[in-house]
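Okay, thanks for coming, everyone.

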Amino acid sequence: GAVQHNDTLTLLPAAFGVLVLQKAYGVTRASVTPRLLPEEITLVTANARCALASLIATTIGVPVAAGIDALAGGHETGAAWVLRVGTLLYLAAMVPGFRLPSGVDEPAADQESQLAAEHVSAEHMAAEHASAEHGSAGHAGQHNGQPSGPGPDAGPHGGSGRHDQAADAQRRPLRRKLFPKPVGPVVGEALGANFTLRAYSGFMIFFLAFILRTVHFGTVSDKLALGEMIGAVAIGGFIGTAIGAALRSRAPQVIVFGMLGVTLIVTTLCAIYFGLWAAVIVALAAAVGQTLVKLALDSIVQREVSADVRSSTFAASETLHQLSWVMGGLLGLLMSMTGSGVAGLGVAAAGLALALGSLLLARRKRVLRGRQRPVPRTS
């Protein structure tokens with residue numbers, strides 16, 4: 001109705017509502033995928049197949065919508081008929097949605113028992129650790145002639161629990177708001193890599209879109225150069241999704257760090273030999289990298305995060321996903337004002353190197369901490 005009558009007042013809220021509901025659908029679909037996963041495929045493969053189905057449907061939908069628009073006379077009338085047909089398609093899609101098994105709304109019995117076992121195991125380990133700490137404190141108190149019990153503000157691991165909680169809240173206010181429960185270092189690494197490559201993708205789209213309009217490459221027109229870049233982005237999305245669908249890897253962390261490294265190498269080489277083909281290649285690499293890392297992130301969250309907070313974790317990661325793309329796009333727009341493709345790709349390569357180095361350093365520290373074992377006390 002808003003399109004038919006060219007009513008801007010109702011068009012903008014309606015379009016915004018469609019975008020919000022599309023994101024909500026994506027979060028919900030990612031949350032229920034582990035509960036419907038066949039035994040013979042991995043989470044990376046399942047997520048890639050879902051994404052590939054979406055890409056195929058989108059590719060088919062564009063010419064169909066254009067045909068409906070042309071048959072209906074174009075302009076507002078044609079666009080309104082496109083939306084009417086789209087409404088019927090959404091209603092038809094509800095039918096297979098209602099036919100999903102009831103297990104998608106709550107964890108299956110084996111998942112509930114696994115979560116309960118993990119909870120009991122975590123409580124048992126915490127109790128053992130707390131008694132070991134209290135025991136060592138008691139020995140120290142006996143040797144020093146001081147009371148061995150914990151103070152009134154002591155936490156479960158000894159020391160000042162209130163002070164530790166307050167300090168932690170001050171250090172990580174934004175992270176605690178987005179992720180009320182800790183997501184773990186593996187998920188944190190995947191989130192950092194996804195944030196980096198999504199910002200890189202936004203940077204490249206905006207930077208190249210403007211730089212290709214101002215820098216001329218021989219007899220190639222700016223429209224043709226821009227079209228080649230858009231085509232490279234679309235093909236890169238297909239390639240990344242197809243690779244994810246074909247992979248049988250059960251280690252999505254390899255995909256995360258591997259794509260960061262490959263994208264860094266490609267961007268560095270394209271910065272040195274900047275030209276039209278370099279711009280097309282780097283756009284292709286950006287699309288492939290961010291698609292594969294997003295698939296790996298979804299798989300890691302589905303595997304590492306418990307079912308009770310999985311939906312909220314996906315919602316928070318999707319929020320970071322969109323914010324990083326906007327931030328990268330703004331930076332790409334600013335860099336396009338320099339009119340230098342070498343400078344823009346150089347800044348992008350430096351950002352990728354900084355992100356990859358920080359993630360590798362954090363992972364190395366975590367591995368070294370995990371190798372350290374407490375020395376058993378001798379009586």
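Let's start with threonine 263, which is buried at 1% relative accessibility; buried here means under 20% relative accessible area, exposed means over 50%, and partly exposed is in between, with a 1.4 Å probe and protein chains only. Before I go on, the housekeeping: this is a predicted model, so local features need pLDDT of at least 70, side-chain atom pairs count only at pLDDT 80 or more, and totals for chains, interfaces and linings use all residues. Residues are numbered from 1 along each chain as its sequence is written, and side-chain values use heavy atoms, with hydrogens and water left out.

Back to threonine 263, which sits in helix α9. Helices are DSSP runs of H or I with at least four residues, strands are E runs of at least two, and both are numbered from the N terminus. So what does threonine 263 touch, leaving aside neighbours within four places in sequence? Its contacts are Leu197, Tyr200, Ala285, Gly289 and Leu352, where contact means heavy atoms within 4.5 Å.

Take α7 first: that's residues 185–214, 30 residues in total, reaching 43 Å from first C-alpha to last, close to the 44 Å expected at 1.5 Å a residue. The expected span is 1.5 Å times one less than the number of residues. Of those 30 residues in α7, 21 are buried, so the helix is largely enclosed by the rest of the structure.

α7 packs on α9 at about 30 degrees, with the axes 10 Å apart. On the α7 side, the contact includes Leu197, Tyr200 and Met204, and on the α9 side, Phe257, Leu260 and Thr263 are among them. By class, that contact has 10 nonpolar, four polar and one charged residues. Nonpolar is Ala, Val, Leu, Ile, Met, Phe, Trp, Tyr, Cys and Pro, charged is Asp, Glu, Lys and Arg, and the others, Gly among them, are polar.

Then there's α9, residues 252–272, against α12, residues 341–371: the axes come within 9 Å and cross at roughly 155 degrees. That makes α9 roughly antiparallel to α12, and this crossing is left-handed. Phe257, Leu260 and Thr263 are among the α9 residues here, meeting α12 residues including Leu352, Leu356 and Arg363. The class count is 14 nonpolar, five polar and one charged.

Helix α2, residues 43–71, packs on α3 at about 135 degrees, axes 8 Å apart. That makes α2 oblique to α3, and the crossing is right-handed. His75 is in that contact, on the α3 side, and Ala65, Ile68 and Asp69 come from α2.

Terms used
Axes fitted to C-alpha atoms, helices over the stretch in contact; angles between N-to-C directions. Parallel < 35°, antiparallel > 145°, perpendicular 65-115°, else oblique. Left-handed = near helix turned anticlockwise from the far one by under 90°.
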